[in-house]
Amino acid sequence: MANATCKAEPGAFRPLVNRGRCEGKAACAAVCPYNVFEVGIIDEAEYRALPMFERFKVWAHGKKTAYTPNADACRACGLCVAACPENAISLVRAAP
């Protein structure tokens, strides 16, 4: 399903998820027309690298977080950014 506001070439931008803010509510996965997101349990190394307060918050939400296994399909429509209740997603230009 394509969205008319998704005008960037696939892979020109990618969503960046702030692990300390993400609560794994999956709003991003629900609105993304390109299936860029999936929600899973945070990697233990990423979890341990978070500051203590953020680790507590992530733990309190079941250690769930959004991952972007299909980031190369992102068309920068921004639907995920708008849908995220924690403001945990930003779009960044992909490295050339």
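Predicted model: local features only at pLDDT ≥ 70, side-chain atom pairs only at ≥ 80, totals over all residues.
Colleague: What radius of gyration does the protein have?
Modeller: The radius is taken over C-alpha atoms, and the globule rule is 2.2 Å times the number of residues to the power 0.38. The C-alpha trace spans about 40 × 25 × 20 Å along its principal axes. For 96 residues a compact globule would have a radius of gyration near 12 Å, and the protein agrees with this, at 13 Å.

Colleague: What share of the contacts with a separation of 6 or more comes from residues 24 or more positions apart?
Modeller: A contact means heavy atoms within 4.5 Å. Among contacts in the protein with a separation of 6 or more, the share from residues 24 or more positions apart is 78%.

Colleague: How many of the residues, as a percentage, count as buried?
Modeller: Buried means under 20% relative accessible area, exposed over 50%, and partly exposed in between (1.4 Å probe, protein chains only). Of the 96 residues, the buried share is 29%.

Colleague: How far apart do the centres of the positive and negative side chains lie?
Modeller: Lys and Arg count as positive and Asp and Glu as negative, while His and the chain ends are not counted. Each charge is placed at NZ of Lys, CZ of Arg, CG of Asp or CD of Glu. There are 12 positive and 9 negative side chains, and the centres of the two sets are separated by 4 Å.

Colleague: Is Thr 65 buried or exposed, and which side chain makes a polar contact with the side chain of Thr 65?
Modeller: Thr 65 belongs to strand β3 (residues 64-67) and is buried because its relative accessibility is 0%. Not counting residues up to four places away in sequence, Thr 65 touches several residues, including Val 17, Cys 22, Glu 38 and Ile 42. A polar contact is a pair of N or O atoms within 3.5 Å; within protein, one must be able to donate a hydrogen and the other to accept it, and residues adjacent in sequence count only if both atoms are side-chain atoms. At 3.3 Å, the side-chain partner of Thr 65 is Arg 19.

Colleague: Which residue's side chain is joined to that of Glu 23 by a polar contact?
Modeller: Glu 23 lies in the loop between β1 (13-17) and α1, and Glu 23 is buried, since its relative accessible area is 12%. Beyond four places in sequence, Glu 23 touches Lys 57, His 61, Lys 64 and Glu 86. The polar contact, of 3.4 Å, joins the side chain of Glu 23 to that of His 61.

Colleague: How far apart in space are Cys 84 and Glu 23, C-alpha to C-alpha?
Modeller: Cys 84 is placed in the loop between α4 and β4. Cys 84 counts as buried because its relative accessible area is 9%. Although Cys 84 and Glu 23 are 61 residues apart in sequence, their C-alpha separation is 9.5 Å.

Colleague: What separates the C-alpha atoms of Trp 59 and Asn 70?
Modeller: Trp 59 is part of helix α3 (residues 52-60). With a relative accessible area of 52%, Trp 59 is exposed. Trp 59 and Asn 70 are 11 residues apart along the chain, and their C-alpha atoms are separated by 25 Å.

Colleague: What is the phi of Asn 35, and what is the phi of Asn 87?
Modeller: Asn 35 occupies the loop between α1 (27-31) and β2 (38-41) and is exposed at 53% relative accessibility. Asn 87 occupies the loop between α4 (79-83) and β4 (89-93) and is exposed, with a relative accessible area of 54%. Each is a residue other than glycine with a positive phi: for Asn 35 the value is near 55°, and for Asn 87 the value is near 55°.

Terms used. Residues numbered from 1 in each chain as written. Heavy atoms only, no water. Helix = DSSP H or I, 4+ residues; strand = E, 2+ residues; numbered from the N terminus.
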